[in-house]
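These are notes for a colleague who is starting out with structures. Please read them with the model open beside you.

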Amino acid sequence: EIDPSPHAFYRKADMLTSAPVTVNDYRKLVLDEIEEVENIWIEPVQTWQPSGCTKGVYRVFIQVEDDIAEDMTANAETIEKLAAQVDFFLQSYRNIGEDFEPSIVLQPQKVYIKAEIFVDNRHAPQEILARVCNAFEMTLHPPVRFVSDAEMYINGYTAEEMYAGPLLQKGFVVDSDLQERKQTADPAELMKTVSEVPGVVKV
């Protein structure tokens with residue numbers, strides 16, 4: 001009778017994962033653990049020193065989920081507790097020589113877009129409009145998706161790449177989904193995205 005625990009091979013999740021090390025590791029861990037966080041950005045604190053930043057000190061920006069963001073005033077207490085939860089979580093996992101400033105919860109900003117779009121009459125206008133609105137959404141507010149191991153393998157990721165960093169409960173997050181925080185809405189970027197929608201002739 002063989003006890004499998006000490007004699008069997010280790011699982012990939014046990015061998016290859018680690019505590020969070022990089023900024024993306026911390027972002028993935030928070031998104032995996034705290035449901036109310038829609039997205040999170042962790043940026044080095046800038047200084048006037050020649051290096052340009054304070055080594056090991058980070059500023060944290062939180063985007064709350066839409067249900068909470070719809071009325072920030074009414075949900076002020078929930079938001080305060082959420083920020084404190086994120087701060088405690090990051091401090092619990094921080095490495096030696098690292099520190100996080102108190103989290104900043106981002107306020108929703110209304111963005112109005114006016115566009116003239118010429119379309120191919122062989123495509124249904126309603127379908128084009130839906131795709132255009134989705135293109136705007138993906139450009140201004142790109143989501144962070146959790147995907148399965150099968151999808152990661154299909155997209156060419158190796159086990160070493162998939163299991164690098166902390167072990168997540170909801171699935172895997174592709175690093176390309178963890179984009180930098182958008183601080184401006186670039187019309188040229190919006191035009192490029194919409195022009196790639198099938199049926200759009202000119203923007």
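1. Serine 92 has a relative accessibility of 45%, so it counts as partly exposed; that class lies between buried, under 20% relative accessible area, and exposed, over 50%, with a 1.4 Å probe and protein chains only. Serine 92 belongs to helix α5. Its C-alpha atom is 42 Å from that of arginine 131, and 39 residues along the chain separate serine 92 and arginine 131.

2. A word on the source: this is a predicted model, in which local features need pLDDT of at least 70 and side-chain atom pairs count only at pLDDT 80 or more, while totals for chains, interfaces and linings use all residues. Residues are numbered from 1 along each chain as its sequence is written, and side-chain values use heavy atoms, with hydrogens and water left out.

3. The protein has nine helices and six strands, taken as DSSP runs (helices H or I, at least four residues; strands E, at least two) and numbered from the N terminus. The radius of gyration of the protein is 21 Å, well over the 17 Å from the globule rule for 203 residues, so the protein is more spread out than a compact globule. That radius is taken over C-alpha atoms, and the rule is 2.2 Å times the number of residues to the power 0.38. The C-alpha trace spans about 70 × 50 × 40 Å along its principal axes.

4. Of the 203 residues in the protein, 33% are buried. Contact means heavy atoms within 4.5 Å; among contacts between residues at least 6 apart in sequence, 69% join residues at least 24 apart.

5. How many of the eleven residues of α3 are buried? Eight are, so α3 is largely enclosed by the rest of the structure. The buried residues include Tyr26, Leu29, Val30 and Leu31, and also the charged Asp25, Arg27, Lys28 and Asp32. They pack against β1 (37-46), α5 (76-93) and β3 (99-100).

6. Arginine 27 sits in helix α3 (residues 23-33). Arginine 27 is buried but has no salt bridge, which would need a side-chain nitrogen of Lys or Arg within 4 Å of a carboxyl oxygen of Asp or Glu. The nearest side chain of opposite charge is glutamate 43, 7.8 Å away. Leaving aside residues up to four places away in sequence, arginine 27 touches Asn39, Ile40, Trp41, Ile42, Leu178 and Gln179.
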